[in-house]
Amino acid sequence: MPVVRGGGKMHVRMLCLGRHWNGRTYEYEPTRTDFDNLPAPPLPGNLKALAGEIAASAGMTLDADLCILNYYEATAAWAASGQGRREQSIAAGIPVVSISIGDTARFLFAV
């Protein structure tokens with residue numbers, strides 16, 4: 001489970017492909033410096049293409065360079081609210097594509 005700046009542990013297992021999200025610095029990096037110093041696994045071409053197709057269906061273009069896979073335990077009574085307020089991509093008009101597989105969920109959108 002990722003550890004964030006203040007030392008707290010996130011309640012999600014996470015795997016980043018293409019680039020790694022460092023929970024201590026809140027930045028993306030090519031190497032998992034906050035975990036094992038190994039390179040982030042590559043982003044598979046089929047996931048990159050799928051994200052581009054989803055963005056295109058919303059009238060946007062996207063050349064994805066990373067994918068974050070989150071796994072929440074089935075016993076969790078809640079789902080984390082991921083907020084992209086600090087994402088530079090959002091400010092630049094680049095979409096964040098989310099694909100959920102598994103149990104049903106309710107997504108909240110805010111501007």
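This section describes the fold, surface, side-chain pairs and selected backbone features of a predicted protein model. Residues are numbered from 1 along each chain as its sequence is written. Local features require pLDDT of at least 70 and side-chain atom pairs count only at pLDDT 80 or more, whereas totals for chains, interfaces and linings use all residues; side-chain values use heavy atoms, with hydrogens and water left out.

The secondary structure of the protein chain consists of two helices and four strands, where helices (H or I, at least four residues) and strands (E, at least two) are DSSP runs numbered from the N terminus. Read from the N terminus, the order of elements is β-β-β-α-β-α. Contacts, defined by heavy atoms within 4.5 Å, were examined by separation in sequence. Of the contacts in the protein chain with a separation of 6 or more, 43% are between residues 24 or more positions apart.

Of the 111 residues of the protein chain, 18% are classed as buried. Buried means under 20% relative accessible area and exposed over 50%, with partly exposed in between (1.4 Å probe, protein chains only). The accessible area of the protein chain is about 8,700 Å², of which carbon and sulfur atoms supply 56%. Areas were computed by the Shrake-Rupley method with a 1.4 Å probe, and for residues only the protein chains shown count as cover. A nonpolar surface patch is formed by L50, I54, I99 and I101, with about 380 Å² of accessible area together. Patches are made of residues with over 30% relative accessible area and no salt bridge; like charges are joined within 9 Å, and nonpolar side chains (Val, Leu, Ile, Met, Phe, Trp, Tyr) within 5 Å.

Three salt bridges are present in the structure, a salt bridge being a side-chain nitrogen of Lys or Arg within 4 Å of a carboxyl oxygen of Asp or Glu. One of them joins R19 and D65, with the closest N and O atoms 3.0 Å apart. This pair links distant parts of the chain, 46 residues apart: R19 is in the loop between β1 (13-17) and β2 (20-22), and D65 is in the loop between α1 (45-57) and β4 (67-71). Both partners are partly exposed, R19 at 28% relative accessibility and D65 at 40%.

Another salt bridge is made by the side chains of D63 and K48, at an N to O distance of 2.8 Å. Here too distant parts of the chain are linked, since D63 is in the loop between α1 and β4 and K48 is in helix α1, 15 residues apart. D63 is exposed at 59% relative accessibility, while K48 is partly exposed at 33%. A further salt bridge pairs the side chains of D36 and R32, with 2.4 Å from N to O. In this pair D36 is partly exposed, with a relative accessible area of 29%, and R32 is buried, with 15%.

D34 is located in the loop between β3 (27-29) and α1. Leaving aside residues up to four places away in sequence, D34 is in contact with H20, W21, N22, G23, R24 and E29. The C-alpha atoms of D34 and G23 are 7.6 Å apart, at a separation of eleven residues in sequence. The side chains of D34 and H20 make a polar contact at 2.6 Å. A polar contact is a pair of N or O atoms within 3.5 Å; within protein, one must be able to donate a hydrogen and the other to accept it, and residues adjacent in sequence count only if both atoms are side-chain atoms.

Most residues other than glycine have a negative phi. Y26, in the loop between β2 and β3, has a positive phi near 60° and is partly exposed at 31% relative accessibility. N37 also has a positive phi near 60°; this residue is in the loop between β3 and α1 and is exposed at 54%.

A disulfide is a pair of cysteine sulfur atoms within 2.5 Å, and the count by this rule is zero. C16 takes part in no disulfide, the nearest cysteine sulfur being that of C67, 8.5 Å away. This distance is too far for a bond. Both cysteines are buried, C16 at 3% relative accessibility and C67 at 17%.
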